[in-house]
Amino acid sequence: MNSKLQTPIDYLKGVGPNRADLLRKELGIHTYQDLINLFPNRYLDKTKYYKINQLQRNSAEVQIVGQITRLREVAQKRGKRLVATFQDDTGNMELVWFRGQKWIRENLKLNTTYVIFGKTNWFNNSFSMPHPEMELKITHEKSLSSAMQAIYPSTEKLANKGISNRVITKIMQQLFLETKGKFSETLSNNILKEQNLLSKSEALFNVHFPKNPEILSKAQFRLKFEELFYIQLQLILKNLIHKSKIKGHPFAQVGNYFNSFFKEHLPFQLTNAQKRVIKEIRHDLGSNAQMNRLLQGDVGSGKTIVALMSMFIALDNGFQACLMAPTEILSVQHYNGLLEYCKKLNINIKLLTGSTKTSIRKEIHENLENGQLQILIGTHALLEDKVKFKNLGLAIIDEQHRFGVAQRSKLWKKNVAPPHILVMTATPIPRTLAMSVYGDLDISIIDELPAGRKPIKTVHRYDNNRLKVFRFIRDEISKGRQVYVVYPLIQESSKMDYKDLMDGYASIEREFPKPDYQISIVHGKMKPTDKDYEMQRFVNGETQIMVATTVIEVGVNVPNASVMIIESAERFGLSQLHQLRGRVGRGAEQSYCILMTSHKLSNDSKTRLETMTRTNDGFEIAEVDLKLRGPGDIMGTQQSGVLNLKIANIVKDKDVLQQARFYAKKVLQQDPSLGHPENQVILDTYRAMSKYKNLWNYIS
Ligand code: ADP
Ligand code: MG
């Protein structure tokens, strides 16, 4: 790394102590290096000239050559404005000034060729440009301004203290002068050649002073690639180190439990995706390293059976296993589902949640420690200090997004040697984001639904169509189906939401009276035992309608339920809508999802509804979600550092990310210790980054 780049910014000519202070406080610029990495937000493209008849409404700044043929004052509510008619060989438009009119009037030359630059408005059927930048054509030809002009990030305070974009550009020029524009290369020759990248010096120069859009995009690509490359390198290295350092329990064999389940008790044919994923997990478990795997699979893709079979492998090797779920309902359901199979195989399995009775709890604790208890299912209760395993070999976490990283590591500490960890999530994360957020985990994907599933039909209905919707519900129930009606209870404490839920429940009760209809209700304010009771009635088919809040969002499995009504659907996020919809479509019957909304819809709501009605593909939905919300709201990104990127954008630069990851992998595969002379520069850069910056402090 260029040592000069660590020079404090105060030493740059033209900066001085006051400006240095502001730069530090407002933009976090401490050194030359920080300044060089202050990348423009955007550029004014002064390489192109537009004709007046080429102007588009809503276009960015444009540059036009022409003459002023007329100048006049127009009275307006307060004061007056100065209006010029500007003309080229294709038409004319207006230039408008609200301030500084005297100077303009005295200095403007009529019928002389100017180059003007600015943003245009469409007004009264013609284009106008307020306060254009103007330069006489003769002067323009001599000046250097006929290029792309960088616009840097700024703050109000900087602007107020006179550190304008022009000043920052000047300072930047000065930096290039002092360093002669020479910066140490940070990527290896191989990569530069293979990817046909600009050198570091060329890239930095052209990102700050590009001559044209083509060279700018080459410069940007090179810098984005580099930024993402080093993040990927870090993540992959972490994964490799993890695998070599942390020994797992090698589960050498697949034994009786696994085999007899597979041969005699498997309730259905596994999908190819399930088979593939089980193979991946088996391979991890059999190796010497500790497994740290993320299993992504859309709702209903059949992750539970994969979890179960993985636990059998642990048991076959004399170890215990546990499965942790985020809610009581879900744990109970997992427990009930798995209990059936475990009974057949004579496996000792227990459920532990917040509402487990003390006496049973004590028994569980004992049997865990003496090893009699083989599988433990439960909620956060599993994380309590009192829960001690004799030899936990595999810990599975369902619906990862409800648990934090800290909790993952807590499970980890439940053993002398860490158990293998399998994290299952039904919230598909776009692949590119997963690479950055979970780049240190291995990822398995179930990308196939069990055969025979009919795609869920999704429609959007306005509230005033409710009667029709009720009729539809009645029809479905008469066919023997069950129905969910979900209300938003965004905050469990919100009185308004709670009232909506209760009003809704009352109106459904009126519409579907006893004894023909039975209705369950489940919400967060109920006691766990009451919730279970209501839920169980629905599971058993004693009730036909389940009125609920999003507590049923994750995991609940009632294959006979074929209709999901989501009230105030505009208030839900995309991933939540998708999760809720996933509660139906689990049986052989055609299922439906009806999104009820008012007529008042924001643009984002419209996009969400349109996306839901268009596709059932969780990954596609996740991509839209990422675009709408940005990466900041997606779980895991906060810790991952993808938000601190200086030039790359995790949403927009997918292709660059993919290439960067490819090369990071390739380099480490060929040279895991980065010891080859060819990779010296990568090692040096990597080390310097961790030394000078806290770039890597997000690594947990
Ligand atoms: P999720 O991935 O959402 O956790 P589940 O594991 O709950 O999905 O599975 C959803 C439903 O599909 C369950 O009723 C399960 O028994 C069933 N299922 C899982 N795998 C298959 C398969 N290969 N063929 C048929 N049904 C399956
Ligand atoms: Mg599940």
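The largest cavity holds about 50 Å³ of space. This is a predicted model, where local features need pLDDT of at least 70, side-chain atom pairs count only at pLDDT 80 or more, and totals for chains, interfaces and linings use all residues. For bookkeeping, residues are numbered from 1 along each chain as its sequence is written, chains are lettered from A and ligands numbered from 1 in the order in which they are written, and side-chain values use heavy atoms, with hydrogens and water left out.

Rolling a probe the size of a water molecule over the atoms shows where empty space is left. On a 1 Å grid over the protein atoms alone, a cavity is a set of points where a 1.4 Å probe fits but cannot get out, while a pocket is an open set with protein on both sides within 12 Å along at least five of seven lines; a lining residue has an atom within 4 Å of a point. Points are joined across faces, edges and corners, and a volume is the space filled by probe spheres set on them.

The whole structure has three cavities of 30 Å³ or more. Residues lining the largest cavity include Arg 466, Phe 470, Tyr 487, Glu 567 and Met 596. Which helix gives the most to that lining? Helix H17, residues 466–478, does, with four residues. Helices (H or I, at least four residues) and strands (E, at least two) are DSSP runs, numbered from the N terminus. By class, the lining of the largest cavity has eight nonpolar residues, no polar ones and two charged. Here Ala, Val, Leu, Ile, Met, Phe, Trp, Tyr, Cys and Pro count as nonpolar, Asp, Glu, Lys and Arg as charged, and the others, Gly among them, as polar.

Now the pocket. The largest pocket has a volume of about 1400 Å³. Its lining has 50 residues, with Thr 304, Gln 333, Gly 337, Asn 557 and Arg 586 nearest the centre. H13 supplies the largest share of that lining, twelve residues. The classes there are 20 nonpolar, 20 polar and ten charged.

Ligand 1 takes up the space of the largest pocket (a molecule sits in one if more than half of its atoms lie within 2 Å of its grid points). There are 16 residues around ligand 1, and Gln 269, Gly 300, Lys 303, Thr 304 and Arg 453 come nearest; a residue counts as near with a heavy atom within 4 Å. That shell has four nonpolar, eight polar and four charged residues.

On to the backbone. Lys 514 and Pro 515 are joined by a cis peptide bond, with omega about 0 degrees. Pro 515 is in the loop between helix H18 (495–511) and strand S19 (519–522). His 131 is not a glycine, yet has a positive phi of about 45 degrees. His 131 sits in the loop between strand S7 (126–130) and strand S8 (133–136).
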